[in-house]
Amino acid sequence: MTKRQATHEPCPVMRTVDLVGDRWTLLILRDAFDGPCRFSQLQRSLGIAKNILSDRLAGLVEAGILRTEPAADSSAYQAYALTDKGRDLFDVIIALRQWGEQHAFAPGEEYRPLIDQTTGEPLRPVAFTREDGTAVRPSETALGDLRPIGAAAR
């Protein structure tokens, strides 16, 4: 399915995957959460080909997820930084990270957890809860009727 086709689908997952759903894009976003990144920093960190990096960055800027800004060192280079829209992907990146911690490593294998700088502790698992704090399980959800974005739940 092309991007043009996906933008007409009423599925938020499909539209989101269309914007950020490939390996390189997700890894660029992971790095962007550490702060503004220059092209060369991203290329070095990811080991990605220049043409692929350029394409993914252009797409993220076009989608309003990243923006360019002057590099912190006052050089002529640009840095890529998350927009508010990009920062709203934080929970998605954390959920992927936590799933990987739980399912993508062998027992005893080492990894670097993401730490809350205030407490010094790893982040608590992302969980979806009701107002009373009880967990919502997949078997307890269903698709609702079509409604405009921003409309109150019924």
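Does Phe 90 count as buried, partly exposed or exposed, and at what relative accessibility? At 34% relative accessibility, Phe 90 counts as partly exposed, where buried means under 20% relative accessible area, exposed over 50% and partly exposed in between, with a 1.4 Å probe and protein chains only.

## Basis of the report

This is a predicted model, in which local features need pLDDT of at least 70 and side-chain atom pairs count only at pLDDT 80 or more, while totals for chains, interfaces and linings use all residues. Residues are numbered from 1 along each chain as its sequence is written, and side-chain values use heavy atoms, with hydrogens and water left out.

## Overall architecture

The secondary structure of the chain comprises seven helices and three strands; helices (H or I, at least four residues) and strands (E, at least two) are DSSP runs, numbered from the N terminus. Read from the N terminus, the order of elements is α-α-α-β-α-α-β-β-α-α.

The C-alpha trace spans about 50 × 45 × 30 Å along its principal axes. Of the 154 residues, 21% count as buried. Among contacts (heavy atoms within 4.5 Å) with a separation of 6 or more, 38% join residues 24 or more positions apart.

An open sheet is formed by three strands in the order β1-β3-β2, with antiparallel pairing; two strands pair if DSSP finds at least two bridges between them. Its edge strands, each pairing on one side only, are β1 (37–38) and β2 (66–70). Strands of a sheet pair through backbone hydrogen bonds, either parallel or antiparallel.

Five bridges join β2 to the antiparallel strand β3 (residues 78–82). Glu 69 has Ala 79 in β3 as its bridge partner. Helix α5 (residues 50–62) packs on the sheet and touches both β2 and β3. The direction of α5 makes about 100° with that of β2; axes are lines fitted to C-alpha atoms, for helices over the stretch in contact, and angles run from 0 to 180 degrees between N-to-C directions.

## Helix α7

Phe 90 lies in helix α7. Not counting residues up to four places away in sequence, Phe 90 touches Phe 33 and Leu 123.

Apart from neighbours within four places in sequence, Gln 98 is in contact with Leu 123, Arg 124, Pro 125 and Val 126.

## Pockets

The largest pocket holds about 770 Å³ of space. On a 1 Å grid over the protein atoms alone, a pocket is an open set of points where a 1.4 Å probe fits, with protein on both sides within 12 Å along at least five of seven lines, and lining residues have an atom within 4 Å of a point. Grid points are joined across faces, edges and corners, and a volume is the space filled by probe spheres set on the points. Of the 23 lining residues, the closest to the centre are Arg 30, Ile 93, Ile 94, Arg 97 and Leu 114. Helix α7 gives the largest share of this lining, seven residues, and α3 (23–32) supplies at least two. The lining divides into 14 nonpolar, two polar and seven charged residues; Ala, Val, Leu, Ile, Met, Phe, Trp, Tyr, Cys and Pro count as nonpolar, Asp, Glu, Lys and Arg as charged, and the others, Gly among them, as polar.

The second largest pocket has a volume of about 450 Å³. Among its 13 lining residues, Pro 10, Cys 11, Pro 12, Leu 146 and Ile 149 lie nearest the centre.
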